[in-house]
Amino acid sequence: MSTAVDREIEDFQSLFGLAKKEVAKVIVGYGDIIDGVIMSMLANGHVLLEGVPGLGKTRLVSTLADVVHLKFSRIQFTPDLMPADITGTNVVQESTEGEKILEFQPGPIFANVVLADEVNRATPKTQSALLEAMEENSVTVGKRTYKLDAPFFVLATQNPLEMEGTYPLPEAQLDRFFMKLRVDYPTAEGLSVILNRTTQLETPKVSRVLNGAQILGMRKTVRAVPIARPVQEYAIRIMMATHPELPSAHALAKRFVRCGASPRGSQAMVIGGKIRALLNNRVYVSCDDIRAVALATLRHRVLLNFEGEAERIDTDSIITAILDSIPEPN
Amino acid sequence: MSDRDLIVGLLKRAERRSRANRVLKNLAAAASISLLIPIAFKLLDLVFLFRGRTVVLVFTIWGIGSLAYLFWRIRGRETLADVAARLDRKAELHDQIKTAYWFIRHPQDSEWVAAQLRSAAHRTAAMDLNQLYPRFVPKSSYVAAGLALLLIGLNFAPLPWNHNWVYLDAAPAFAFTDAEQALLKEAQALLKKAAAQDKSQLADKVEEIAKELQQGDISVTDAINQLKEIEQELDEGNLDLASIDQGLEEIAQNLGQSQRLESVADSISQHKLQQAADQIRRAGDQLQMGSAEAKQMKAKLQEAAENPRPGLEELSKDLDDAADALNAGDEKAVQEALKKSAEEFEKLAQKMEGQQLKNQAGQRLQNVQASLEQRQGGSPSPGGQTKQAQTQSSGKPQQAGGNSSQQSSPSESADATESGAAGENDADNPQDGGGLMPGARVGTDAPLFGAPTKLDVELQQEQLTGQPDGAPTKEEKDEGESQQARSKLDYRNAPSDLSPAQKDLLNQDRLPWEYRQLIKQYFETIRTQPKK
């Protein structure tokens, strides 16, 4: 291994490890969730955390914001939240000469790390305010487009759709999330640690271990990891198997899926695979890496049809079946 | 060696090892499966006795099929990409070798790709192929070896009807019975012995016919016909032994009246012609010309030379020459003529011996022929039986031209024909006679010699000497009935037309059915003759 590559990998692993360690000071358990969140950040993607209230989703994101030396903002999504409340708006200002001018007042979206808390409590119209920002890292207000500072990272939390007062995220919105992570209830041991940490005088303090430049550097490292065509095609086959209209679709997909994963899904699998390869001290992506990130990167991109919804089919089960059915390439 | 060479070299080695293991495994599996077929075939052979051609055909098809199956199993060759994927799985390398091989085939100018190749090469250098692809003996090979041993063992199974294919021995197309084989061997031995005199190749012909029949090259009918041809060859140029015997007897009677030639006559009567030759030479040497003995000798020689029988012309001429020389008082000429006579006796002895050998051989061939005809599903041909009867009774068919007493009577010939025809009935009722049944496996029973002789002997009522009141006692009654049931003529004393040599020949045969003709003749003799 060349020194430069070796050093890059070591730096990557080191920084990743530091960030994870700092977050873990506050967040008990959820190692996979923490990994997923940091991976999404390093993949130049956004992450959607789903879980019932009270599981520490918001705390996880705020802790991550504390760990990274970046501008952080939080948007609490409510049914009456308007898009302008997110993006900002032009307000009339009086200049020093006494002239009335329209001046853009940036919204909370103008930050490096944006927490969209309970994103599915806002109406779809408001939710859609995030679309441009998440995809193009820019915000257009009126006739003017404002570029967001890099790195830009949206961490959204949502309650399960079955809960009262929630609006399902639009498909386009969902597709823009790099990963959808499910936050489950902590274990008894984890809960005990949580209680110890949160019911005492001393609260754990986290350090800022990552800055924007480092994150951008790590993103560059991720992109440099090579992937062999067969592995890439493996990811494509998995993605294609979710499309019910294709002959290669899995039987479950044909029956329960309305819309399969978009190309962003395969992109997410490959990028996620590269990060995982680096974390495992490898300079190439393996099929194991693809499989490891497939659930998190595809579950929100596979949309169920009426029958699937009625049968309460979990997209994870469909994706797992697809992973089991598709052989690794030789 | 570059990283690429290291990786590709390992992949090639792994491919070879993998292929060798696969071929071995498939070979053993194919062998264990395909060996079931010849084993089943061998087991069937123990029941149905397959011919050599069938065995060869089945084994050829089996061999081709097995090879095709094996080829089908081992066809195709793993690509190096496949081998790389397999190596990754075996060594849990998370697609490292597979990815490296892909980058080798699709080079990219990237520091990361070079690092990947370097890492993979480093890993391959540390790999132990023996551990990843250990050489092994597949379990199915034990099964195959066991089946092969079973197949060989079946060939060596100590069953009388088992044929050992290992020694390229299969069931013949036609199997002679033990009796037939014995007859054929005897016939060949006799023909070889006779061939020392006439240089004939008949023994080889018989052997060839038997071989061709066993190999299925000729049918049973063909074999029978060819045997008949050989019999005809044997018959051709036969001496009229009966006539010669009669002639010799007459010569012996004439010569026996001469004191000097009495011993010669005795030897001739006893059919010791070689001894007679020596004695007549000695008689010539010891003869004193002009003596009464010489005169008597001249007269008897002249008488003996009169009316020569066929086959004895030369001898008669020599005897006549001797008589003439005695008459002329030429001692040297007498001795010369007697020496010639002695030589003629020797030639005659040889001819007769050869003829007897041929007759014996012909008789055995006829037996074989009759047995084959019977096994073929029919009965011995009437002609064959007639001829057989004639041969049995007179020693040769030509004998009919000799002494009238030795001619086969029309009734006899008719009987023989009848017996041959009756043989068909025998075939319909194979339990009679104890002959070889069609399809019989081993020839423990003798072949039939035609139909059983019908007895039409009328018992002669004998008056019993009993008590005055005429009522016989129980013992007398039993004895009387016993006497009535028993023939008063012993079959050994039955008058026979057979010459002593022929009788001797019959007596030499140990096989019981050889006596049947003699026994038959006995009953023919005691048959009530129709009143003229």
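Asp324(B) counts as partly exposed, at 39% relative accessibility (buried means under 20% relative accessible area, exposed over 50%, and partly exposed in between, with a 1.4 Å probe and protein chains only). Asp324(B) lies in helix α16 of chain B, residues 313-328 (helices are DSSP runs of H or I with at least four residues, strands are runs of E with at least two, and both are numbered from the N terminus). The C-alpha atoms of Asp324(B) and Ala299(B) are 9.8 Å apart, and 25 residues separate the two along the chain.

The model is predicted: local features need pLDDT of at least 70, side-chain atom pairs count only at pLDDT 80 or more, and totals for chains, interfaces and linings use all residues. Residues are numbered from 1 along each chain as its sequence is written, chains are lettered from A and ligands numbered from 1 in the order in which they are written, and side-chain values use heavy atoms, leaving out hydrogens and water.

For chain B, pLDDT (the predictor's confidence in each residue, from 0 to 100) averages 75, and 74% of the residues score at least 70. Confidence in chain B is highest in helix α8 (residues 139-155), at 92, and lowest in helix α19 (residues 410-428), at a mean of 38. The complex as a whole receives an ipTM of 0.81 and a pTM of 0.58 from the predictor.

Chain B holds 22 helices and 0 strands, and 42% of its 532 residues count as buried. One of these helices is α10(B), where 14 residues (202-215) reach 20 Å from the first C-alpha to the last, close to the expected 20 Å (1.5 Å times one less than the number of residues). Which residues of α10(B) are buried? They are Leu202(B), Ala203(B), Val206(B), Ile209(B), Ala210(B) and Leu213(B). These residues sit on the same side of α10(B) because they cover an arc of only 125° around the axis (the arc of the directions from the helix axis to the C-beta atoms). Just after α10(B), Gly216(B) takes a positive phi of about 80°.

Most residues other than glycine have a negative phi, and most peptide bonds are trans. His94(B), not a glycine, has a positive phi of about 55°; His94(B) is found in the loop between α4 (80-91) and α5 (96-105) of chain B and is partly exposed, at 38%. Asn137(A) also has a positive phi of about 55° without being a glycine, but Asn137(A) is buried, with a relative accessible area of 17%. In chain A, a cis peptide bond joins Ala150(A) and Pro151(A), with omega about -5°.
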